[in-house]
Amino acid sequence: MQGPEADLQLLTQAALDVGPIALRFWRNDPQAWDKAGDAGPVTEADLAVNDALLARLSAARPGYGWLSEESEANPERLDAEHCFIIDPIDGTRAFIDGQEGFAHSLAVARGDRITAAVVHLPALELTYAAHEGGPALLNGQPIAPTDADIDGAQVLTYRGVTDPAHWKGGRLPPFQRQFRSSLAWRLCLAAEGRFDAALSLRAAWEWDIAAGSLIAERAGATVSDRRGGRMRFNSPRALLDGMVVAGPRLHGQLIAALA
């Protein structure tokens, strides 16, 4: 009987198995190039990890759809009850630079909801995991977000968010901006309370956010798009309208402060 728990076991083992593939290329001068349409960099490691995950996961769940940053779009996924949503290496720029903060982001959606999720950082030996009926775990231990107030909150986001035009009355709230390259990891860092929130006002690809969104939700964070709406996955465009991830109090304050 397959279900979210069995899917989580599958995702976890797959993530652990592809970690060594990524690490073979990491800090070893991997071939890298820019994708068409200003879509960012990609390396031979991204493609090797993607190939390994596609072979492994498709064999285990042949009826599931497939949505990955490094695969050709396949519209058949929209008709599948379940779909894998995969970013083989999230934080490719960090990977190319030899930084440790890159992640494998693996999720399963049923309909438009995420039901199982893993974010694995092989260089740091961190594995975040959750399924829809259980707690969020980091290396097997439960995690939870902070109950921070917006005043002085540590918010993981990019520099452009501090433009006063994004905020009501042109007033930037008094939070402290921090940054990590991997978007998936940012959600997990907010989920575990190492930072108070993860925020993006840009359109975001589903594969960057899918796994981290469930992990944050199961940890007890409030997870929404930039307007406070529920995130819906396996959509035709595979894009989300930003993200706001924080403990319930801080989440409400951020949504209220946004223009």
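This briefing covers the nonpolar cores, ring contacts and salt bridges of one structure.

The model is predicted: local features need pLDDT of at least 70, side-chain atom pairs count only at pLDDT 80 or more, and totals for chains, interfaces and linings use all residues. Residues are numbered from 1 along each chain as its sequence is written, and side-chain values use heavy atoms, with hydrogens and water left out. The largest nonpolar core holds 44 residues. The structure also has six aromatic pairs and eleven salt bridges.

**Nonpolar cores**

- A nonpolar core is a set of buried Ala, Val, Leu, Ile, Met, Phe, Trp, Tyr and Cys residues joined through side-chain atoms within 4.5 Å.
- Buried means under 20% relative accessible area, exposed over 50%, and partly exposed in between (1.4 Å probe, protein chains only).
- In the largest core, the residues with the most contacts inside it are Ile114, Val119, Tyr128, Ile209, Ile215 and Val245.
- Strands β4 (82–90), β5 (103–110), β6 (113–121), β7 (126–131) and β16 (243–246) each give two or more residues to this core, as do helices α4 (183–191) and α5 (206–219).
- Helices (H or I, at least four residues) and strands (E, at least two) are DSSP runs, numbered from the N terminus.
- Another core lies apart from this one; its 26 residues include Phe25, Leu53, Ile89 and Phe102.
- Beyond its neighbours within four places in sequence, Ile114 is in contact (heavy atoms within 4.5 Å) with Ile85, Ala107, Val108, Ala109, Glu132, Ala210, Ser213, Leu214 and Phe233.

**Aromatic rings**

- Rings of Phe, Tyr and Trp (its six-membered ring) pair if their centres lie within 6.5 Å; planes under 30 degrees apart count as stacked, over 60 as edge-to-face and the rest as tilted.
- One of the six pairs joins Phe95 and Phe102 edge-to-face, at 4.9 Å centre to centre and 90° between the planes.
- Phe95 is buried, at 1% relative accessibility.
- Phe102 is buried too, at 0%.
- Ring pairs link Trp26, Phe95 and Phe102 into a cluster.
- The charged end of Arg202 sits over the ring of Tyr158, 3.6 Å from its centre.
- That label requires NZ of Lys or CZ of Arg within 6 Å of the ring centre and within 35 degrees of the ring normal.

**Salt bridges**

- A salt bridge is a side-chain nitrogen of Lys or Arg within 4 Å of a carboxyl oxygen of Asp or Glu.
- Lys35 bridges to Glu69, with the closest N and O atoms 3.0 Å apart.
- Lys35 lies in the loop between β1 (32–34) and β2 (41–43) and Glu69 in the loop between β3 (65–68) and β4, so the pair ties together parts 34 residues apart in sequence.
- Lys35 is buried at 18% relative accessibility, whereas Glu69 is partly exposed at 21%.
- Lys35, Glu69 and Glu70 are linked in a network of salt bridges.
- Arg110 bridges to Glu81, with the closest N and O atoms 2.8 Å apart.
- This pair links distant parts of the chain: Arg110 is in strand β5 and Glu81 in the loop between β3 and β4, 29 residues apart.
- Arg110 is partly exposed at 48%, and Glu81 is partly exposed at 48%.
- Arg230 bridges to Asp112, with the closest N and O atoms 3.1 Å apart.
- Arg230 lies in the loop between β14 (222–224) and β15 (239–240) and Asp112 in the loop between β5 and β6, so this pair ties together parts 118 residues apart in sequence.
- Arg230 is partly exposed at 33%, and Asp112 is partly exposed at 25%.
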